Amino acid sequence: MSRPTEFRATSPHPVDRVYATMVDRQILSDRLATMGGRDAAILEYTGDENGCKYRIRHGIDEKDLPGVVKSFVGSRGITIERDESWTRSGSGYDGTVGVELPGMPAGAEGTMRLSPKGEGSELVVNVDVTVKVPIIGGKIEESVAQQIHHLLEMETEYTLSRV
């Protein structure tokens with residue numbers, strides 16, 4: 001079973017400006033340096049006028065994890081590797097996201113859409129979190145889904161501050 005979560009954010013800025021900021025390699029690097037935790041890095045990056053694809057790594061220290069997750073991972077914290085792929089689609093951009101937690105029976109995958117909304121734009125991210133752990137997997141999924149939502153809020157705030 002998986003736990004779905006949806007994130008929505010609007011911006012007064014047009015789609016193309018928001019997209020260009022979201023996928024700018026230097027801004028991604030700066031964002032990771034600011035909020036990516038230990039061992040944060042851009043692992044792969046390719047992009048052109050038709051889209052962008054990248055793989056990034058985040059680290060979350062044990063002290064920053066919710067209790068139910070701490071009980072599962074112990075004192076080592078977690079590493080998250082995230083693949084994002086964006087392509088131009090009509091007046092906006094469509095994307096996919098895949099999340100791996102190396103060494104853990106957990107991950108997430110989803111879709112993203114950046115589209116015009118009024119004079120500005122809207123980002124919608126739908127993600128399904130899966131944790132394959134008997135009995136407590138559902139509680140961990142719920143906690144991870146909340147953490148993903150919080151992370152997306154912080155990343156969006158950071159990115160929009162750079163538009």
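**Charged pairs and a helix**

I began with Asp-83, which is partly exposed at a relative accessible area of 25%; the scale I used calls a residue buried under 20% relative accessible area, exposed over 50% and partly exposed in between, with a 1.4 Å probe and protein chains only.

A note on the source: this is a predicted model, where local features need pLDDT of at least 70, side-chain atom pairs count only at pLDDT 80 or more, and totals for chains, interfaces and linings use all residues. Residues are numbered from 1 along each chain as its sequence is written, and side-chain values use heavy atoms, with hydrogens and water left out.

Next I looked up the partner of Asp-83. Its side chain meets that of Arg-55 in a salt bridge of 2.3 Å, N to O (a side-chain nitrogen of Lys or Arg within 4 Å of a carboxyl oxygen of Asp or Glu). Arg-55 lies in strand E3 (residues 51–60) and Asp-83 in strand E4 (residues 78–89), so the pair ties together parts that are 28 residues apart in sequence. Strands here are DSSP runs of E with at least two residues, helices are runs of H or I with at least four, and both are numbered from the N terminus. Arg-55 itself is buried, at 12% relative accessibility.

I then asked what else reaches Arg-55. The side chain of Glu-81 joins that of Arg-55 in a polar contact of 2.6 Å (a pair of N or O atoms within 3.5 Å; within protein, one must be able to donate a hydrogen and the other to accept it, and residues adjacent in sequence count only if both atoms are side-chain atoms). Glu-81 is in strand E4 and is buried, at 15%.

I stayed in the neighbourhood of sequence for one more pair. Glu-84 and Arg-82 meet through their side chains in a salt bridge of 2.9 Å, N to O. Glu-84 is buried at 8%, and Arg-82 is buried at 6%.

How many salt bridges does the structure hold? I noted 13. One of them pairs Arg-8 with Glu-6 at 3.0 Å, N to O. Arg-8 is partly exposed at 48%, as is Glu-6 at 39%.

Last, I checked helix H4 (residues 137–161). Its 25 residues should span 36 Å at 1.5 Å a residue, and the end C-alpha atoms are 36 Å apart, which agrees; the expected span is 1.5 Å times one less than the number of residues. Among the buried residues of H4 I listed Ile-148, Leu-151, Leu-152 and Glu-155.
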